[in-house]
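Have the sequence and the coordinates open while you read.

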Amino acid sequence: MTSVSIVGMGYVGLPLGLSLDAEGYDVVGYDTDEQKVEAFNRGDDPTTEVGSEAVRRSNITFTADQRTIASSDYYIITVPTPIDETGRPDLSFVEAAGETVGNHLTEGSTVVLESTVFPGATREVLLPALERESGRVAGEGFFVGYSPERIVPGNSAKDIEDIVKIVSGHDETALNRLRSLYDDIVDAGIHTTRTMEIAEAAKCLENTQRDVNIALMNEFALGCQQVDIPIDAREVIDAASTKWNFHEYHPGSVGGHCIPVDPKYLIWKFEQHGFEFSVMRAAREVNSDFAAHIARITTNGLTERMQILDAEPEAVNADGGQLSESKNSSPRILVLGLAYKPNTTDIRSPVLKDAIDRLQDIGEVVGIDPHAPNEEIRSNFDITVQDELSVEDFDALLVTTPHDQFKSLDLGALSGEMNELPLMVDVTGTYDYEEAIEQGFLYRGL
């Protein structure tokens with residue numbers, strides 16, 4: 001039986017291991033996080049990507065013991081590839097994984113990196129680590145290649161078998177071995193590239209394109225708010241989308257690991273050789289500055305709310321009750337959704353973190369997310385987290401993640417339980433602004 005060791009059992013490594021296991025491969029899932037490994041061995045899915053039942057049905061050997069991965073036919077590395085505080089790629093996890101695998105390579109083993117890296121990283125970082133620790137030479141004692149992961153977290157409609165797999169190798173033998181491996185689990189087809197560097201660049205470009213397109217929509221939405229005629233950015237996008245060759249993107253915050261990071265891998269690599277990107281850098285700046293925009297429209301909305309309440313104490317709320325003059329100088333804001341995309345648990349959202357930090361300077365911020373773990377939210381955002389939704393005594397709702405659970409909320413009931421003339425800042429387009437206004441909200445969106 002062909003053996004495969006997967007180094008790094010996160011949202012990429014786990015589904016990959018399950019697919020290979022289902023095809024009859026002898027799979028070892030290795031991770032340095034002992035608590036995660038213990039969860040797997042209990043039959044739990046700490047990644048929440050595939051579900052605990054899938055873990056329990058599998059025959060994968062989950063381990064934190066390096067010795068268990070010795071003498072595998074294939075090694076697949078799926079470790080994090082972050083950037084440091086200066087925007088430089090941090091490939092320390094890749095190098096460490098290469099050293100771990102290198103210590104256990106046997107004659108003829110094939111190693112493939114799936115983590116997102118800058119063009120040239122497999123050859124310049126991983127390969128030397130493997131050779132150094134194994135004492136073998138790539139292409140002779142072992143084989144190495146690169147095949148970028150293309151999974152979209154939270155998108156159950158596109159599993160591994162449904163996504164065309166890009167495969168590259170250090171030499172022809174490596175390419176053929178990896179093509180044979182992935183062909184067993186991918187139905188959508190295999191696309192081979194002439195070099196590993198082409199495959200690495202392709203992965204970065206995929207997410208850079210999304211970053212640029214989202215930046216365009218964010219900038220367009222900001223512009224719509226500045227003109228003195230009524231232009232709703234989302235309605236414009238809906239209209240433009242009726243043309244067959246218009247690519248539909250929507251304004252919003254950019255989170256997760258891939259889209260905010262991958263452009264910086266390309267920017268860093270190309271600028272090392274004297275080429276400066278203008279479009280990519282501008283897109284990154286627009287999307288990074290979106291935090292300031294979220295904070296600004298929320299702050300301005302709260303200011304307008306107070307002006308209305310102070311100027312018109314005789315106004316009535318949605319339930320017909322009298323609005324008393326507000327004495328609340330420190331507004332309370334409830335954030336609906338801390339995950340960076342709907343129906344997922346991933347809270348890696350530097351834009352939202354920045355926006356919340358800014359809003360904490362003007363009032364109290366509380367959050368709720370039906371998917372993300374509360375303890376992780378508290379630790380990452382430094383805010384109070386609700387176990388169950390309660391809008392009582394809040395002045396504003398900040399809608400940041402369009403989870404399915406939020407889409408069915410009764411806006412009339414929410415506004416009736418909140419403080420007078422509640423503000424809704426909907427940066428996701430989840431709610432219809434006319435309905436929100438009709439139900440008693442002061443509505444602000446993109």
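Phe118 comes out as buried at 6% relative accessibility, where buried means under 20% relative accessible area, exposed over 50% and partly exposed in between, with a 1.4 Å probe and protein chains only. Trp268 is buried as well, at 18%. Keep in mind that this is a predicted model, in which local features need pLDDT of at least 70, side-chain atom pairs count only at pLDDT 80 or more, and totals for chains, interfaces and linings use all residues. Numbering runs from 1 along each chain as its sequence is written, and side-chain values use heavy atoms, with hydrogens and water left out.

**Aromatic pairs**

How many aromatic pairs does the structure hold? There are seven, counting rings of Phe, Tyr and Trp (its six-membered ring) whose centres lie within 6.5 Å; planes under 30 degrees apart are stacked, over 60 edge-to-face and the rest tilted. Two of them are set out here.

| Pair | Centre to centre | Angle between planes | Type |
|---|---|---|---|
| Phe40 and Phe62 | 4.5 Å | 20° | stacked |
| Phe118 and Trp268 | 4.9 Å | 50° | tilted |

What does the stacked pair hold together? Phe40 sits in helix 2 (residues 34-41) and Phe62 in strand 3 (residues 61-63), so their contact ties together parts that are 22 residues apart in sequence. Helices here are DSSP runs of H or I with at least four residues, strands are runs of E with at least two, and both are numbered from the N terminus. Phe40 is buried at 2% relative accessible area, and Phe62 is buried at 7%.

The charged end of Lys165 sits over the ring of Tyr182, 4.7 Å from its centre, and that of Lys243 sits over the ring of Trp244 at 5.5 Å. To count, NZ of Lys or CZ of Arg has to be within 6 Å of the ring centre and within 35 degrees of the ring normal.

Six strands make an open sheet with parallel pairing, in the order 11-10-9-12-13-14; two strands pair if DSSP finds at least two bridges between them. Strand 11 (384-385) and strand 14 (442-445) are the edges, each pairing on one side only.

Strand 12 (residues 396-399) is worth a look from both sides. Four bridges join strand 12 to strand 13 (residues 423-426), with Leu397 partnered by Met424 and Val399 standing opposite Asp426. Strand 9 (residues 332-336) also pairs with strand 12 over four bridges in the parallel sense, and here Val335 stands opposite Leu398. Both faces of strand 12 are covered: Ala396 and Leu398 are buried on one side, Leu397 and Val399 on the other.

**Helix 1**

Helix 1 (residues 13-22) is mostly covered too, with nine of its 10 residues buried. Among them are Gly13, Pro15, Ser19 and Asp21. Just after helix 1, Gly24 takes a positive phi of about 95°.

**Pocket and cavity**

On a 1 Å grid over the protein atoms alone, a cavity is a set of points where a 1.4 Å probe fits but cannot get out, while a pocket is an open set with protein on both sides within 12 Å along at least five of seven lines; lining residues have an atom within 4 Å of a point. Grid points are joined across faces, edges and corners, and a volume is the space filled by probe spheres set on the points.

The second largest pocket has a volume of about 990 Å³. It is lined by 36 residues, with Arg210, Ile214, Ile259, Tyr340 and Lys341 the closest to its centre. Helix 7 (196-226) and helix 9 (258-271) each supply at least two lining residues, and helix 7 gives the most, with five.

There is one cavity of 30 Å³ or more, and about 110 Å³ of space lies in the largest cavity. Its lining has 13 residues, and Glu149, Arg150, Ile151, Ile160 and Lys165 lie nearest the centre.
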